[in-house]
Amino acid sequence: MSRRIDYGRLMHRAMRGLIQEVLFDVAERGLPGEHHFFITFDTGHPDVEIADWLSDRYPEEMTVVMQHWFDALDVTDEGFAITLNFGDAPERLYIPYDAIRTFVDPSVEFGLRFETQEEDDDEDDPLDDVAPDDEAEPEGTHRDAEIVSLDKFRK
């Protein structure tokens with residue numbers, strides 16, 4: 001058996017950790033300066049919690065904006081809960097990090113995009129992705145790489 005490093009999963013874990021750290025700071029100290037976030041997430045993810053009328057209106061994905069008004073931001077290791085205003089109607093949402101498709105802060109031209117929506121199992125070690133020897137690739141074989149691009153969010 002040969003070991004392979006799952007760089008895609010490692011990168012997604014690091015990117016989700018960055019989002020968690022940013023949101024934790026905002027929960028503790030508020031949004032600094034002109035910072036604000038556009039967060040697009042998979043509304044069909046099994047752990048997403050949103051009002052029925054929102055899931056009916058956005059059956060696949062939804063983008064929320066954290067800027068002028070939000071309340072009760074609660075950040076955990078798995079995701080975050082927040083109350084946002086939808087046309088003078090405050091709604092509580094819970095968004096797990098692995099449901100996030102994009103996280104953008106246009107005030108500083110920063111963005112993250114998750115290329116694939118894989119089920120990340122916290123118990124799986126991405127450094128222990130094992131394949132049987134007969135499936136191992138010969139020396140010098142190249143596989144398609146997963147590229148994380150931020151160009152979409154640059155001006």
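Residues are numbered from 1 along each chain as its sequence is written. Because the model is predicted, local features need pLDDT of at least 70 and side-chain atom pairs count only at pLDDT 80 or more, while totals for chains, interfaces and linings use all residues; side-chain values use heavy atoms, with hydrogens and water left out.

Strand 2 (residues 37-42) and strand 3 run antiparallel and are joined by 6 bridges. Strands here are DSSP runs of E with at least two residues, helices are runs of H or I with at least four, and both are numbered from the N terminus. Two strands count as paired if DSSP finds at least two bridges between them.

Now bring in the helix.

Strand 4 (residues 71-75) is joined to strand 5 by 3 bridges, and the two run antiparallel. Val75 has Phe80 in strand 5 as its bridge partner, and a hairpin connects strand 4 to strand 5 through 3 residues. On to strand 6 (residues 90-96): 7 bridges join it to strand 5, again in antiparallel fashion. Here Ile82 has Leu93 in strand 6 as its bridge partner. Strands 5 and 6 also form a hairpin, with 4 residues between them, and Gly87 in the turn has a positive phi of about 60°. How enclosed is strand 5 by the rest of the structure? Of the 7 residues in strand 5 (residues 79-85), 6 are buried, so this strand is largely enclosed. Buried means under 20% relative accessible area, exposed over 50%, and partly exposed in between (1.4 Å probe, protein chains only).

Finally, consider the charged side chains. A salt bridge is a side-chain nitrogen of Lys or Arg within 4 Å of a carboxyl oxygen of Asp or Glu, and by this rule there are 4. One of them joins Arg9 and Asp6 (3.7 Å, N to O); Arg9 counts as buried at 16% relative accessibility, and Asp6 counts as buried at 19%. Another joins Asp25 and Arg29 (2.5 Å, N to O). These two are 4 residues apart in helix 1, so about one helical turn separates them. Asp25 is partly exposed at 28%, whereas Arg29 is exposed at 67%. Arg101 and Glu61 also meet in a salt bridge (2.8 Å, N to O). Arg101 lies in strand 7 and Glu61 in strand 3, so the pair ties together parts that are 40 residues apart in sequence. Both are partly exposed, Arg101 with 24% and Glu61 with 39% relative accessible area. Asp42 joins Glu61 and Arg101 in a network of salt bridges.
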